[in-house]
Amino acid sequence: MGDYSMRDVFRRETRTQVDVLKQSLVVLKQQPTHTSELDAVIRALHAIVGAAYLVELDIVAHLAETMKAGLIAAQNHEVQLTTAKLDSLLYACNLLAEVSQIEDAEMTQWLFRHTEDFVRVQSAIELNLLHRIDENQPFSPVSATILPPPKTNPIDHQPAPNPILSDASLMELFRQEVEEQATRLNNGLIAIETQPDSTQELEALMRSAHSIKGAARIVGLDAAVELAHGMEDCFVAAQTQALTLTSDQIDVLFRGVDLLQTLSQTPEAQLPQWLEQHKAEFASVQSALNTTEVQSVPTVQPIAETVHNTPILESPNRSDNNSDNNNAVRDSVQTTPNVLEPPGSDSDDNSVRDRVVRVSAENLNRIVGLAGESMIAANWLQPFADSLLQLKSRQSALSKTLEALQQKALISEVNEPLLDRSRRQEQDCRELLNDRIGELEEYIRRTDNLSDRLYREVIRSQMRPFIDGVQGFPRMVRDLARQLGKQVKLEILGEATVVDRDILKELEAPLTHILRNAIDHGLESPDDRISAHKPPEGTIHLEAFHRGGMLAITVSDDGKGIDPRQIRQQVIRRNLAPPDVARRMSDAELMEFLFLPGFSLSKQVTELSGRGVGLDIAKTMAQEVGGTVRAISHPKKGTSFHFQLPLTLSVVRTLLVEISGESYAFPLSRIDCIVELDRTSIAVAENRQYFTFNDKNVGLVSLAQVLNLPALAPSNSRWVVLISQQSSTYGLIVDRCLGEQELVVRPLDARLGKVQDVSAAALMGDGSLVLILDVSDLVRSINTLLKAGQVTPRDPQTTNVQRKKILVVDDSITVREVERKLLENRGYQVDVAVDGMEGWNAVRSHAYDLVISDIDMPRMNGIELIKQIKTHSRLRSTPVIVVSYRDREDDRLQGLDAGADYYLTKSSFHDDTLIQAVVDLIGQQS
């Protein structure tokens, strides 16, 4: 497209010439034979044609050429300039003005969205000015596509493919267009059902259908073009009040939206087969739409009449620095409905949309990780500055020592000059050090500020408005309500509340289950509501807001509520609690049973609900992201569910604990409390430890035992972290509590699989890695150990056992640390090396029982390292295990040929394959 300077020239030239065009065309509407104005218009269009061709915007150049040809025909008295023809030219000017505003990065997508508009307007100008058809036919952008056809199909006049578009994936742009417009169609149809005469909603619906039609035409999906065109005609008919859309007709339009969405989500290779399979469905919807259109055809003409003689809106870039004459012309341009503006040009949403850049989740996660590391790197500077201050302090002490020496009478006159020179040098060094410390402190302040702003900005980029995750709910609620014969209104509050994109994705399933339950069980039928002195239409509120540094989401309805007595009876009937205990439970305690798997108050299982899985999913989801959910119900008034979730999953507040000399992190949101117990407070029953907390016996388990780590020597007191999940509560014994810390979450490498009891990792301020524990996984591990009878009181062994030494060589810090902890959990002593060269230096300097190495590493790869070990006279007997992320036969053979004893993939971490290989080669650690 040429360089950026030429694009700027095009934009400036087009904006300037469009101003000239509009002013002259308005004058021509009053004086059609004004020769000088015709000359000015033709010159302006000629300039736009040249500028557009210069930057390879052929579609723009073709439109300007068509306009120029039509005006030359008028100049030669071959056609007469009527108001309708000038209106079509003014509408084309709006398109030219709009394209002159688009930035380079957004041009491809904008042209894709508006190619249909260029083709349609160009065809209308050709029909009106070049083919001399009905001289008095008024121009309407809405009805331009239904003007009498020329001798050739207007589509045949479509310009050659734009080079900008040819570089992009048109099908991907089509999918994005349908995804966005389908959301608007769904929301608009729901609004129209309650407000059938809303001209604003009908206009938006028509434009959405029109956009899909244009996008489908570009990618050659004729079935989608016809369907979208039929939907567009329905909305046009409703705009002219020739048709009032009923619920049944809206059902048909919803079917059309669903077909278009499904089509857009079908892989390109499968499209022909899919279209053939669904041909009957397209025909059925199209037939239903055509039945609606029969009523609208006779009333299409009034649309044109409403637009007839309506001046075009002025360009948004019209200069305010024109002459008084120009001001008078501008004042004559009246403000009119947006019918004549290019689709999307008047929408704030579209302006925002055009600035959106799509970034993959993987890329964003990497950026978040790098931003977090930059914060950690910035934190390293302060300890360095502190060390310089210590140096300054010592230098001051040295100065005092020199001064004391100088005052000693024993110093000879010969040594005095030398002492003076030493003091001067010391003073120079002290001044230089002071200057450098000041500069460093200023640099630390700037770096801290910059890294903090960078991190916050990156975290903000992870956030999305709440409405993005729930925009399909109004359609779902409407369809379910009609299916059940109920009247339901969904009100969404806090649409702009920002939510972490990962949390927003996790929220979809639990919120769907809660809404379905509310419609099926919570809200009464219209007759029952009227009998209960309620309006026939039930209301569900879905609200999102920030409170106390957390994300709060509430789903509430005004239905019949839940009777706590029913829950209590179900608890007793299913033996979930002793009858006397169940009778003493509060309403809040009883409501917690709703979240148990399989618990349901429904008397029958339906397609929508009754299986007792929905609320279990909600509870699990809240716990997995480190939040909570609770239910509150008022019989005959309604039920509400309250989620409290973290604002982001990228940063987590944790409690750092020490176990067997290693630091681990607990998410604070998953900890009930922390207590310090005296050894006398711990009791033993049936070979299991427990203590009494809030009048309840809580089982005690050593976290070192759960993680299979060596225990330290017992002390007089023990720190206990209380965790719980549903009805299970345990106290985990740790060696020390190190305090709270906010950590930047780094997900584990997917190649590692699910590492037991660990959810993620994080980097500490000193660059060391700490593992974040998975509380749900820990509870499952404890339950497994309890069932196997393996949780017993134990004291650390006092004997000093010689541990086998293993060297782990891998350039990935995550993989190194996971391997190290896996092996240390089995009692082995583990050293690590960051690449093959460091591993080779280590294995020559220390004696190792086993080496575990990656293949792809800088400086020296794993194959070279194995060959060096196996050809060394002293090291050749050292066994070697290759652990690579690649599972290719040639890599396996290459590793084994080099002398490796085992070749494993990194997916073996989540089972016992790696440990079994270690045991086979060097035996278990005693």
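Student: Where does His533 sit?
Tutor: This is a predicted model. In it, His533 is in the loop between helix H22 (526–531) and strand S4 (537–547).

Student: What is its phi, roughly?
Tutor: His533 has a positive phi of about 65°, although it is not a glycine.

Student: Is His533 buried or exposed?
Tutor: His533 is exposed. Its relative accessible area is 76%.

Student: Now Asn575. What about its phi?
Tutor: Asn575 is not a glycine, yet its phi is positive, at about 60°.

Student: And where is Asn575?
Tutor: Look in the loop between helix H23 (564–573) and helix H24 (579–584). Asn575 is exposed, with a relative accessible area of 68%.

Student: Let's go inside. Which residues touch the most other members of the largest nonpolar core?
Tutor: Leu542, Ile553 and Leu645 do. That core has 49 residues.

Student: Which helix gives the largest share of this core?
Tutor: Helix H21, residues 501–522, with 8 residues.

Student: What is Ile553 in contact with?
Tutor: Leave aside its neighbours within four places in sequence. Then the contacts of Ile553 include Phe466, Leu507, Leu511 and Leu542. Phe641, Phe643 and Leu645 are also among them.

Student: How many residues are in the other core?
Tutor: That separate core has 45 residues, including Leu89, Tyr91, Val99 and Trp110.

Student: Back to H21. At what angle do H20 and H21 pack?
Tutor: Helix H20 (residues 473–484) packs against H21 at about 30°. Their axes are 10 Å apart. That makes H20 roughly parallel to H21.

Student: Is the crossing left-handed or right-handed?
Tutor: The crossing of H20 and H21 is right-handed.

Student: Which residues make the contact?
Tutor: From H20, they include Phe473, Met476 and Leu480. From H21, Leu511, Leu515 and Ile519 are among them.

Student: New topic: the open sheet. What is its strand order?
Tutor: The order is S16-S8-S9-S18-S17. That is 5 strands, with mixed pairing.

Student: How do strands of a sheet pair, in general?
Tutor: Through backbone hydrogen bonds, either parallel or antiparallel.

Student: Which strands stand at the edges here?
Tutor: Strand S16 (736–744) and strand S17 (758–763) do. Each has a single partner strand, so one side of each is left without a neighbour in the sheet.

Student: What does the twist average?
Tutor: From one strand to the next, 35°.

Student: In what sense do S8 and S9 pair?
Tutor: Antiparallel, over 6 bridges. Strand S8 covers residues 651–659, and strand S9 covers residues 662–667.

Student: What is the bridge partner of Leu656?
Tutor: Ala665, in S9.

Student: What does helix H28 touch on the sheet?
Tutor: Helix H28 (residues 775–787) packs on the sheet and touches S9, S17 and strand S18 (769–773). Its direction makes about 105° with that of S9.

Student: And helix H29? What does it touch?
Tutor: Helix H29 (residues 813–825) packs on the sheet too, touching S9, S17 and S18. The direction of H29 makes about 105° with that of S9.

Student: Last stop, Ser728. Which strand does it lie in?
Tutor: Strand S15, residues 728–734.

Student: What does Ser728 touch?
Tutor: Not counting residues up to four places away in sequence, Ser728 touches Ile723, Val779 and Asn783.

Student: How far along the chain is Val698 from Ser728?
Tutor: They are 30 residues apart along the chain, and their C-alpha atoms are separated by 9.4 Å.

Definitions and conventions:
Residues numbered from 1 in each chain as written. Predicted model: local features only at pLDDT ≥ 70, side-chain atom pairs only at ≥ 80, totals over all residues. Heavy atoms only, no water. Core = buried A, V, L, I, M, F, W, Y, C linked by side-chain atoms within 4.5 Å. Buried < 20%, exposed > 50% of the residue type's maximum accessible area, 1.4 Å probe, protein only. Helix = DSSP H or I, 4+ residues; strand = E, 2+ residues; numbered from the N terminus. Contact = heavy atoms within 4.5 Å. Pairing = 2+ DSSP bridges. Axes fitted to C-alpha atoms, helices over the stretch in contact; angles between N-to-C directions. Parallel < 35°, antiparallel > 145°, perpendicular 65-115°, else oblique. Left-handed = near helix turned anticlockwise from the far one by under 90°.
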